[in-house]
Each structure stands twice: as C-alpha cells, then as structure tokens.
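This briefing covers the domain division, the interface between the domains and the surroundings of the ligand. Please read it alongside the entry shown here.

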Amino acid sequence: MRKLLLATTAIAFALSSAVPAFAEFNDRNIRISNGINADHPVGNGIKAMQACLDEKSGGKLKITAFWGGALGGDLQATQALRSGVQEGVVTSSSPLVGIIPALGVFDLPFLFGTPQEAYQVLDGKFGDMMNEKLEAAGLVNLAYWENGFRNLSNSLRPVTKWEDFEGMKVRVMQNNIFLDTFQNLGANATPMAFGEVFSALETNAIDAQENPYVTIDTSKFFEVQKYITETNHAYTPFLLLFSKAIFDTYTPEEQAALRECAVVGRDEERKVIQELNKTSLDKIKAAGLEVNVLSEEEQARIREKSMVVYEKHKAEIGAEVVDAIIAELAAIRK
Ligand code: TK8
C-alpha cells in the first residue's frame, strides 16, 4: 500500500511538472531532406540534434530524415521550403546562388585555408549577415554544418598540375563560380545536380567530379573513378535550412529548441567529418584508386591562375560581401 502511494505520488509529481515544462511544444513532424546518404556524418549530426530535441521538447519535435536525394536535389528541396511545403533541408550553399547571389562568396577558389578558419567566419558575424539574406528569401538557416574541403576524382589520368585538367569533363555544382574555376583551368566543366553524378560517372558521360573525401566514400563515387587529387580547391559549407513560412508558425520555444539543437548537431557532424576524413581516404585507397597530393608549388600555380575568378564574380556576389570576408580572414590570420 505504501509502495503504491509512493508510486502514485511520483507519477502525479512527474505529470504536474511535465505538463508546464512542455506546454509550449506541439507535436511536429520535421522532414529534413539530404542529397548525401545516411552514413555521411550528417546522419550523426541529425541523431545528436534529435536527442537534444527530445530532451527539450519532451519528444514532441520529431525529425524524419530523407537520404540520397529521395525528396529531390538541393535546389528542388530548397524551393519546397520557400513555398512552405517542406520543413528542412541540408544543402550545399553553392546551388542556391541563383536565389541568393551573395552565397557565391563561399565558392571562391582557395578562400578558406583551414576548417577552423571556416568555422570562425561561418559561426560569427559574417555567417549572421548571410543568414539575414537567406531569411529575406524565405529560408531560416539554423546552423552552418560542414560539407568540407573538396578534392578532384577522375577516370582518365593522374592530375598533378593544372595542365592535366585540359579537356577533362568535370561535373560541377549548378554554380557559375565553380564552372568558371574549372573552365579557366582548361577543363570542360558541366553543371549537374548531385543526384545524377554517380550514373554520369558510371556511364562515362563525365570523367570527373569534385567533393570531399567523405562524400566520395559515402556516395560511392570511388567505385566508378580511378584517380584522386587532393586539390583542396574550395571549402563549401552545408546549410541546415528551415522553411521560414513554417518556422513562423512555431512557438518561440520550438524555434529556440530548433536553433539550439541544430548547433549541437553541427558540432557532432563537424567532429565526425574530421574523424572520418582519413578513414574515407584509406577506404578509397584500398579500393585501388591512385591518390595524388598536389605539390605546394603546383597548388600555388593553380591558386594564382584561379584568382581571375574573384574579380570576375565580385560584382555579382556583391563587392561589399567579398571585401568583408577577405577582411575578416585577414584579421583571423593575423
Ligand atoms: C548533396 C550535395 C553535395 C555537394 C555536391 O546534396 O553537389 O557536389 O557537394 O554534398 O550538396
């Protein structure tokens, strides 16, 4: 009897304290689409984000993640957010330059030197400024996650100097800065959505693509490529975007939980990417690919040759945006 009383009191207490704590949370199904696969570190980030949301919302905010482009590619999913028919997407910033030209700043070749530098810029004032531009376009960026430093893979020959790009059919994202960067190196650059890359490589419709090692691994591009060159020619971020139309209907507590837990997920995702980089490279090597690292001299030549791209795209990105990031990077590097 005493036990029963104790148990009833405990339940009553739990209920009375649980109700007010989660009253500001409604049952929400949050669909988040991804172009990459579930075993990409974004999967770890989403899990960490969900654990955080469970705690904050008493299990009311639930993420349903879709992988491998199941809900469409980056651009298509982002447009679904803008029209308020899908909650979230993890997308590269690069295919969104048609909507927000200023995002092109992240596509400038050899802009960031280290991940830490990128984190400082993205998680700081500059990142906030870009977030304002995204909001004006109907997109709430909950946090900058990591895509990472990009490297070239191809099926034709080892690439150890820029002359080796000559005539190579390289898939680039739907982004004119990447297009120009590769055309300027002599490649035959072809813009294509991410979801089409594997079969285009497999059928030799294209010879090459460029992505971080972790993506070359988890999207299985190594199965249809022979050579890799560690070019590190760009660091592109992932954006964890939320539909502003839907976000605006959420309670302030729900909005705050989403923002805070997106940062928890970000930290986990970045951590796992850094750990997996080497494992992925080992896996690619074990699969028989030849891996070349550009000599410092060659990297400097490619970088120098690529600088025309900055001038060419400065006006369309916004001169003040380009100047702001260059000033911020200079301050960080001091
Ligand atoms: C996945 C893409 C991918 C990107 C690309 O949806 O398209 O090459 O690097 O990560 O956003």
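The protein is divided into domain 1, which takes 2-100 + 113-146 + 237-272, and domain 2, which takes 151-234 + 279-333; these bounds come from an automatic or database domain assignment. This is a predicted model, in which local features need pLDDT of at least 70 and side-chain atom pairs count only at pLDDT 80 or more, while totals for chains, interfaces and linings use all residues. Residues are numbered from 1 along each chain as its sequence is written, and side-chain values use heavy atoms, with hydrogens and water left out.

**Domain arrangement**
- The centres of domain 1 and domain 2, taken over C-alpha atoms, are 29 Å apart.
- To the contact (heavy atoms within 4.5 Å), domain 1 gives 18 residues and domain 2 gives 17 residues.
- About 1500 Å² is buried between domain 1 and domain 2, 63% of it on carbon and sulfur atoms; buried area is the accessible area (1.4 Å probe) that two parts lose on being put together, summed over both.

- The rule finds one salt bridge across the interface of domain 1 and domain 2, a salt bridge being a side-chain nitrogen of Lys or Arg within 4 Å of a carboxyl oxygen of Asp or Glu.
- E117 and R333 form a salt bridge, with the closest N and O atoms 2.7 Å apart.

**Ligand surroundings**
- In the side chain of D74, an N or O atom is 2.6 Å from an oxygen atom of the ligand.
- For the side chain of N211, the distance from an N or O atom to an oxygen atom of the ligand is 2.6 Å.
- An N or O atom in the side chain of R150 lies 3.0 Å from an oxygen atom of the ligand.

Conventions:
A polar contact is a pair of N or O atoms within 3.5 Å; within protein, one must be able to donate a hydrogen and the other to accept it, and residues adjacent in sequence count only if both atoms are side-chain atoms.
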